[in-house]
Amino acid sequence: MGANVTDFPMLIGGEMTGSKNGQWLTSVNPANEQEIGRTPAADAADVNRAVEAGEAAQPAWNELTVLERGNLLRTVATRLRARAKELLDVEVADTGNTIGSLRADVEYAAVGLEYYAGLGSEMKGETIPASSSNLHFTLCEPYGVVGRITPFNHPILFAASRMAAPLMAGNTIVIKPAETSPLSASIFGEICREVLPKGVVNIVMGLGNPAGDALVRHPRVKRVAFTGSVATGMAIQHAAAESGVKNVTLELGGKNPLIVFPDVDLDAVAKAAVGGMNFSWQGQSCGSTSRLMVHESVYSRVLDQVADITKSLKVGNPADPSSQMGPVNSARQYEKVKYYIGQGKEQGARLVAGGNRPSGKDFERGYWIEPTIFADVQGDMRIGHEEIFGPVLSVFRWDKLDDVIKLANSTDYGLTASIWTNDLNTALKTAKRVRSGFVWINQVSAHYIGVPFGGYGNSGVGREEGLSELMSYVETKSVNIVLR
Ligand code: NAD
């Protein structure tokens, strides 16, 4: 174990604690493979303790006014910003994401808390004129304890901002962060412990199985919200169905198209194609536009420029603000990305940038891969339709509109799409025809608070980041009063 390995406990019932089983998992800095921290390896007994703590806290939490709950969430947001430096130091070392992108994550997490703090009063029922002899109305009531499982790529963002809607709706929560980047969740746990009544937020570390699985299967957790891979999402649906009737929402992967029509500013497109890959977190983004589809009349021009920009990206220490890309998050990610680069070569795509480990002393240890571009990709190649979740862009050439729409819709996914044209009619018609839950026209990557995000196809079920996320955490009770 390294010299600076710190323990990062979890939060259960207002206590920062290890697991009763005494087991810990070690976190590794992906930039140099040094051990940097330990988190508890929770099991089903720990999850049960967390759910019981959430159950005990929920009635009093739900009795607070919307304003009181909102004010507490705003205080969490303020403390989050106040501890940003400490969070960033830990998060950079634990994820490998560049510091600039993580600074934006901390801010967006705080904004998410504030947004739902203000939105609480919109959690409204309705009156329904179904009969003249009754007054019919609906109430919105919380589920109780919500289970929230998060992925490795934006740890603090997902832990903090995605607890806001369930808490505003009057639920308490058990959060299970990803095992390869769990450290910041412990600092976040300390903040929650200082601000919120005990048991309102519980954070359980550990592996997907047993910890995540136990949370999904817990008989008294009826509402499960998951962000992660399609494979795990399917396993969660299965486990949930085996253990009760549950409301499961899923935010899953993507293999997202960026469609370039020939009438646009090609310099702007090339810049956006690189930006849309989110290389500052190594392309490990569900929304990355990892399939670039360029009209054949401008294909070579755009491809050359995208390759030039990509080759100029500064790969290096993610804590250095001048670095534009760091290492991928884990050995598992590293092996997966290398595997897909091999598949691209084997299946006949043309490598035009990257493809290797960067050379030099700084890259001898750690999970480093150059930003990579394959040209002349076909839809039936594995890099043409499977999510790599890494710094690998696949570039396609197209001629006819119907063909590119078919290509865009040819994967099992349907998360984001980006359409580049100055013709409004073409833009809107294409936006209607792509099967994606979130469409950008002449832009990439941006999320806007209040605008619902989520996927078609295997990219998910449900929408987050807007009013629908808040409403997904309440059940509807219809009341019918006879008028005498
Ligand atoms: P993952 O599915 O491997 O793990 C996600 C979480 O699920 C982790 O906390 C993990 O411990 C847990 N888990 C694993 N097995 C489980 C099980 N059987 N039961 C319960 N929990 C289990 O995903 P990842 O590698 O951490 O993240 C990458 C994936 O997440 C990509 O596919 C990416 O596209 C997706 N993602 C989607 C969005 C979105 O908003 N749609 C956002 C970010 C990431």
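The legends below describe close-up views of a predicted model. Residues are numbered from 1 along each chain as its sequence is written, and side-chain values use heavy atoms, with hydrogens and water left out. Because the model is predicted, local features need pLDDT of at least 70 and side-chain atom pairs count only at pLDDT 80 or more, whereas totals for chains, interfaces and linings use all residues.

**View 1. The shell around the ligand.** The ligand is surrounded by 28 residues, a residue being near if one of its heavy atoms lies within 4 Å. The closest are Lys176, Glu179, Ser229, Thr232 and Glu387. By class, 13 residues of the shell are nonpolar, nine are polar and six are charged; Asp, Glu, Lys and Arg count as charged, and Gly is among the polar residues.

View 2. The pairs shown are N or O atoms within 3.5 Å. An N or O atom in the side chain of Lys176 is 2.7 Å from an oxygen atom of the ligand. The protein buries 91% of the 850 Å² that the ligand exposes when taken alone (Shrake-Rupley method, 1.4 Å probe).

View 3. Two or more residues of the shell come from each of helix H8 (208–217), strand E11 (223–227) and helix H9 (230–243); helices (at least four residues) and strands (at least two) are DSSP runs numbered from the N terminus. Helix H8 gives the largest share, three residues. The ligand lies between domain 1 (6–252 + 460–479) and domain 2 (257–448), because both give residues to the shell; the domain bounds come from an automatic or database assignment.

**View 4. The cis peptide bond at Pro210.** Asn209 and Pro210 are joined by a cis peptide bond, with omega of about 25°. Pro210 is placed in helix H8.

**View 5. The backbone at Glu33.** Glu33 is not a glycine, yet its phi is positive, about 65°. Glu33 belongs to the loop between strand E4 (24–28) and strand E5 (35–40). Most residues other than glycine have a negative phi, and most peptide bonds are trans.

Technical notes: Polar contact = N/O pair within 3.5 Å; in protein donor to acceptor, adjacent residues only side chain to side chain.
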